[in-house]
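Let's take a friendly walk through a protein chain, from its overall make-up to a few individual residues. Have the sequence and the model ready as you read.

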Amino acid sequence: MKRILTILTLALPLCMLAGNRIVVSKKLLQLYVINEKNDTVFSRPIACGMNMGNKTRIGDHKTPEGTFKIIKMYDATSWKHDFKDGKGMRAEAYGPLFFRLNVPGFNDIGIHGTIFPESIGTRSSEGCVRMRNEDIKALYRHCYIGMPVIIEADSIAE
């Protein structure tokens, strides 16, 4: 059963986080938390969709591009996933936390941990933004429901 995390352990009051936003650079494979003064207050490497471009359909292995919001934060420790690698369902596939994003047309896009820490810094996910488990836990302290998440395009059209 999915459990929604209660935000009780934040180091800062929610009002101090309200101006924060997440920026994901697929090009640099990096996630940033930017405050209302445009200062970077958190930065960690990520993995994103194995295919370049904007997500248009389920199974395209692309990370969506645009501005979204965190709509739920889950304890994902009991979640399983079949990576279609012949090993079947894998426990703790999403690491300790999953932050669901409001991506139109898609219900299961988010920022989460991983059982594949070696994948960080690569284009290897099915479309989500992956982080090392210790990094997603650290990111949690900066996040809130409704927080904007900007996922930049792979390249700028010329």
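## Before we start

This is a predicted model, in which local features need pLDDT of at least 70 and side-chain atom pairs count only at pLDDT 80 or more, while totals for chains, interfaces and linings use all residues. Residues are numbered from 1 along each chain as its sequence is written, and side-chain values use heavy atoms, with hydrogens and water left out.

## The chain as a whole

The chain's secondary structure comes to two helices and 13 strands. Here helices (H or I, at least four residues) and strands (E, at least two) are DSSP runs, numbered from the N terminus.

Of the 158 residues in the chain, 45% are buried. Buried means under 20% relative accessible area, exposed means over 50%, and partly exposed lies in between (1.4 Å probe, protein chains only). Contact means heavy atoms within 4.5 Å. Among contacts between residues at least 6 apart in sequence, 58% join residues at least 24 apart.

## The nonpolar cores

A nonpolar core is a set of buried Ala, Val, Leu, Ile, Met, Phe, Trp, Tyr and Cys residues joined through side-chain atoms within 4.5 Å. The largest one has 30 residues, and those with the most contacts inside it are Ile22, Leu31, Ile70, Phe99, Ile111 and Leu139. Two or more residues each come from β2 (21-25), β3 (30-34), β6 (66-75), β9 (97-101), α2 (133-140) and β13 (148-151). The most is given by α2, with four residues. Apart from this core lies another, of nine residues, including Trp79, Ala93, Phe98 and Cys128.

Which residues of α2 are buried? They are Asp135, Ile136, Ala138, Leu139 and Tyr140. Their cover includes β2, β3, β4, β6, β9 and β10 (110-112). As for Ile70, leaving out residues up to four places away in sequence, its contacts include Ile22, Phe99, Leu101, Tyr144 and Val149.

## The largest pocket

About 510 Å³ of space lies in the largest pocket. Pockets are found on a 1 Å grid over the protein atoms alone: a pocket is an open set of points where a 1.4 Å probe fits, with protein on both sides within 12 Å along at least five of seven lines, and lining residues have an atom within 4 Å of a point. Grid points are joined across faces, edges and corners, and a volume is the space filled by probe spheres set on the points.

The lining has 23 residues, and His81, Tyr94, Asp108, Glu126 and Cys128 lie nearest the pocket's centre. By class, there are nine nonpolar, eight polar and six charged residues. In this sorting, Ala, Val, Leu, Ile, Met, Phe, Trp, Tyr, Cys and Pro count as nonpolar, Asp, Glu, Lys and Arg as charged, and the others, Gly among them, as polar.

## Lysine 26, a buried charged residue

Is lysine 26 buried or exposed? Lysine 26 counts as buried because its relative accessibility is 1%, and its place is in the loop between β2 and β3.

A polar contact is a pair of N or O atoms within 3.5 Å; within protein, one must be able to donate a hydrogen and the other to accept it, and residues adjacent in sequence count only if both atoms are side-chain atoms. The side chains of lysine 26 and aspartate 154 are joined by such a contact of 3.3 Å. A polar atom of the lysine 26 side chain also lies 3.0 Å from the backbone oxygen of glycine 53.

## Neighbouring strands

Tyrosine 32 lies in strand β3 and is partly exposed, at 22% relative accessibility. Threonine 40 belongs to strand β4 (residues 40-45) and is partly exposed too, at 46%. Beyond residues up to four places away in sequence, threonine 40 touches Tyr32, Val33 and Ile34.

## Two residues with positive phi

Most residues other than glycine have a negative phi. Lysine 84, not a glycine, has a positive phi of about 60°; it lies in the loop between β7 (80-82) and β8 (89-91) and is exposed, at 70% relative accessibility. Glutamate 92 has a positive phi of about 55°, sits in the loop between β8 and β9, and is partly exposed, with a relative accessible area of 48%.
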